[in-house]
Amino acid sequence: MAEQKSIHGLWRSRWLFILAATGSAVGLGNIWKFPYITGENGGGAFVLVYLACICVIGIPVMIAEVTLGRLGRQSPINTMHALVKDQNAAKFWGGIGWMGAVSGFLILSFYSVIAGWSLAYIFRMAGGAFDGATAQSVGTIFGDLLGNPEALLGWHTIFMVLTIGIVARGVNKGLERSISILMPLLFLILVVLLGYSMSTEGFGAAFNFLFSFDFSKITAESIVVALGHAFFTLSLGMGAIMAYGAYMPKSASVGKTVLTVAFLDTLIALVAGLVIFPIVFSNGLEAGAGPGLLFQTLPLAFSQMPAGTVFGTLFFLLVAFAALSSAISLGEPVVAWAVESKGMSRVAAATWIGIVIWLLGVGTILSFNLWADFKIFGRTIFDNLDFLTANILLPLGGLLIAIFVGWVMHKQDVADEVKMESPFMYNVWRFLVKFVAPVAVAIVLINGLI
Ligand code: TRP
């Protein structure tokens, strides 16, 4: 395809792309979701399946997604249209862009509600609500928050306004600078917490829980969840990384860049697990406690640490920030499309799209209180949104992306854009994208859903 230009600007360097993509990847998925689904799915063997999915499916698909974005240099919807034309492919493949837009709406609608919990916790922490906390009092405070739909709506609204505000200003001016300070700080606090966790009596049990592989605990559903989470945590399968790839300078190496992002993302998830589970085991809490795990364990740890109030407040502030830098990547693809194709200003596009997503979020809020007993397929609205997006739509999006890049596009066009220095690594990648990723995802999806 002839060289394209992005109307939304470019990242100023390869490092800024890494920063932005890491900001997208590292979020609630690492700190909130990974520990709790690991707890629900029995620990070690689940972690191993998750790591395998990252390596043989996630990383290759991420390279494919960045490549598509950089070739098209537009929103995922328009990039896919342009590539379909350029490659003489069937119109069907344009659906990758549209499906991604739907996934983005649905994910952001619940993501914002959970991010709202972390906003609420900044103030609970700072106000000393957890001084002298016990396992029981922490549970009560969390339960009270979930039982209060007005409060949840308020925090959800604040988070959506922040997200829209940043997307409306464009990514360059919005986040680029702050991420480079706040992400390392978040990591630093996690490491401090890790030091604390290592000193608790539950550390050995937690380590065993995470890293000893008991395959009898693996079920078809837990494999679906591990695969889905690999997509979720790397922000794959809906166009977020494609959109960010569209703003990536030509000179940067796709392969090395993606490896860096995936490494940082995985490291942060594992450290979060090593922080949270020792607290679970030392305090006789339930590893399978579900979505509240993070919010019921860390306040306990902070209440026992010197200067815990300060650390705790800062921690939840940084979690909210990590969530924000992920949320903007969920909004960006559709906003970029509305700017390109509907002639809207960025501000108008971000506002309208934000309002629709905000409304959808109400379904998630009510899942935790008034509608907690309203179940479809045995799941609340929140559980259904989470399952449908992470475990079905994202892997399906990734499957289609892998097939499009591996089988539909002209081989030379792909090779020219990916441009890996080592022919061996290139062949490994090509094999994974052509065969391993599509076959593995297809088997897991078909098995898991039946
Ligand atoms: N990866 C982010 C997290 O782990 C969430 C996220 C951001 C995402 N953009 C995405 C998930 C796109 C799926 C698709 O918190």
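**View 1. The residues around the ligand.** Of the 17 residues around the ligand, five come nearest: Ala 25, Gly 29, Tyr 111, Phe 232 and Ser 235. The model shown here is predicted.

View 2. Ser 235 places a polar side-chain atom 3.0 Å from a nitrogen atom of the ligand. Ser 24 uses its backbone: an N or O atom there lies 3.2 Å from a nitrogen atom of the ligand. Thr 233 also has a polar backbone atom 3.2 Å from a ligand nitrogen atom.

**View 3. Helix α10 against helix α13.** Two packed helices are described by the angle between their axes and the distance between the axes. Helix α10 covers residues 203–211, and helix α13 covers residues 254–282. They pack at an angle of about 130°, and their axes are 8 Å apart. Angles over 145 degrees count as roughly antiparallel and 65 to 115 as roughly perpendicular; α10 and α13 are therefore oblique to each other. Their crossing is right-handed.

**View 4. The residues where α10 meets α13.** From α10 come Phe 203, Ala 205, Ala 206, Phe 207, Phe 209, Leu 210 and Phe 211. In α13 they meet Leu 270, Gly 273, Leu 274, Phe 277, Pro 278 and Phe 281. The residues of this contact divide into 12 nonpolar, 1 polar and no charged.

**View 5. Helix α3 against helix α13.** Helix α3 spans residues 44–72. The axes of α3 and α13 come within 10 Å and cross at roughly 145°. The crossing is right-handed. Contact residues of α3 include Val 47, Tyr 50, Leu 51, Ile 54 and Arg 70. Among those of α13 are Val 254, Gly 255, Val 258, Asp 265 and Leu 270. The residues of the contact of α3 with α13 divide into 15 nonpolar, 3 polar and 2 charged.

Key:
Residues are numbered from 1 along each chain as its sequence is written. This is a predicted model: local features need pLDDT of at least 70, side-chain atom pairs count only at pLDDT 80 or more; totals for chains, interfaces and linings use all residues. Side-chain values use heavy atoms; hydrogens and water are left out. Axes are lines fitted to C-alpha atoms, for helices over the stretch in contact, and angles run from 0 to 180 degrees between N-to-C directions. Helices (H or I, at least four residues) and strands (E, at least two) are DSSP runs, numbered from the N terminus. Angles under 35 degrees count as roughly parallel, over 145 as roughly antiparallel, 65 to 115 as roughly perpendicular and the rest as oblique. A crossing is left-handed if the near helix is turned anticlockwise from the far one by less than a right angle, and right-handed if clockwise. Contact means heavy atoms within 4.5 Å. Ala, Val, Leu, Ile, Met, Phe, Trp, Tyr, Cys and Pro count as nonpolar, Asp, Glu, Lys and Arg as charged, and the others, Gly among them, as polar. A residue is near a molecule or strand if one of its heavy atoms lies within 4 Å of it. A polar contact is a pair of N or O atoms within 3.5 Å; within protein, one must be able to donate a hydrogen and the other to accept it, and residues adjacent in sequence count only if both atoms are side-chain atoms.
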